[in-house]
Amino acid sequence: MLFPTSLVGSYPQPDWLIDREKLAGRFPPRVRARELWRVQPDYLDQAQDDATLIAIRDQERAGLDIITDGEMRRESYSNRFATALDGVDLDNPGSALDRSGYPNPVPRVTGRIRRRHAVETRDVAFLRANTDRMIKITVPGPFTMAQQAQNDFYPSLREMALDYAEAVNAEIRDLFAAGADIVQIDEPYMQARPDAAREYGLEAVNAALAGITGQTALHICFGYAAIIHERPTGYTFLPELSGSTVKQVSLETAQSNLDTAVLENLRGKSIILGVIDLSTHDIETPETVAARIRKALPHVDADKVIVAPDCGMKYLPRPVAFGKMQAMAAGAAIVRAELA
């Protein structure tokens, strides 16, 4: 079908599961932040499963075609995976500048990065068992994890990023084996640190995808709208992705009012088109969504467009997020009918 709809990854976690006020009052955690959970450890897995069912059913009720787990089990998009790896001193975090320029506690790498076990395969199996629609799971990218760590071991960040890539590659293989239809790598720091991304970021992403035959996506963005308020007028790292082996690229166009002519740089790849502005609680009309889709069509083939929000929805109130998903599905249906 034309214009299938999907989340980028996250959906708002219930207030009974996580302290959303604490979550919103800090930068996304890079180390573990167990103090955010409202549920006792003995019951946390069960509570996260229940929250995941809510996220799945909300997406289905809103009319989305590709379903994620809403990242209900995560304190942030990256820290659950990044802190499950060997080579990281969890008891003595390091520090690194966030993309906003402020220091943030991060994993301190004191040995060789290695994946000791699969991290998200149960998440995929649970998602697969609870929806008959296509499913997508996200995993943090090697370049972004290298930028979100203090390197006390490797001679260079490039070498560290390539070992992260090896860990991500093993995880992606297991995620497809567990039933994922699409695996998305989240690489927001490619936009935030374009010089380093050109130096070794694309190499790391391609290494993470080496030998992978399933449908893969790459998400780059300007940051969560709730955290990073000012948007640049365009991407600092985009044409380079034409040289990536990834099949889908996720871009935001709504809040930034992006000149969609830049999509010409990615001809041949599918575009996960961000058409929902996450900086406002105002719910778009379906026609607003349709207009944002139409704006991209001169620059990307219609059969290569997936319709999505700009970024993760986790910082929105749940009723707002649900309304925006409904508008997104309805807007995609408008343009789909026009072209049919």
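In the predicted model, 18 residues line the largest pocket, and those nearest its centre are R32, L44, D45, Q48 and R80. The volume of this pocket is about 460 Å³. By class, its lining comprises eight charged, six nonpolar and four polar residues. Two helices, α2 and α4 (121–129), each supply at least two residues of this lining. Helix α2 gives the most to the lining of the largest pocket, with a contribution of four residues.

Helix α2, which spans residues 41–62, also packs against another helix. Its axis comes within 8 Å of that of helix α10 (residues 318–339), and the two axes cross at roughly 35°. The crossing of α2 and α10 is right-handed. On the α2 side, the contact is made by I54, D58, Q59, R61 and A62, while α10 contributes R318, F322, M325, Q326 and A329. Divided by class, the residues of this contact are five nonpolar, three charged and two polar. In general terms, the packing of two helices is described by the angle between their axes together with the distance between those axes.

Where empty space is left among the atoms is shown by rolling over them a probe the size of a water molecule. Three cavities of 30 Å³ or more were counted in the model. The lining of the largest cavity consists of 10 nonpolar, six polar and five charged residues.

The second largest cavity has a volume of about 40 Å³. One part of its lining comes from L263, L266, R267, G268, K269 and I271, and H299, V300, D301 and K304 line this cavity as well. By class, the residues lining the second largest cavity are four nonpolar, four charged and two polar.

Terms used: Residues numbered from 1 in each chain as written. Predicted model: local features only at pLDDT ≥ 70, side-chain atom pairs only at ≥ 80, totals over all residues. Heavy atoms only, no water. Axes fitted to C-alpha atoms, helices over the stretch in contact; angles between N-to-C directions. Left-handed = near helix turned anticlockwise from the far one by under 90°. Contact = heavy atoms within 4.5 Å. Nonpolar A, V, L, I, M, F, W, Y, C, P; charged D, E, K, R; others polar. 1 Å grid on protein atoms, 1.4 Å probe; cavity = no way out; pocket = protein on both sides within 12 Å on 5 of 7 lines; lining within 4 Å. Points joined across faces, edges and corners; volume = space filled by probe spheres on them.
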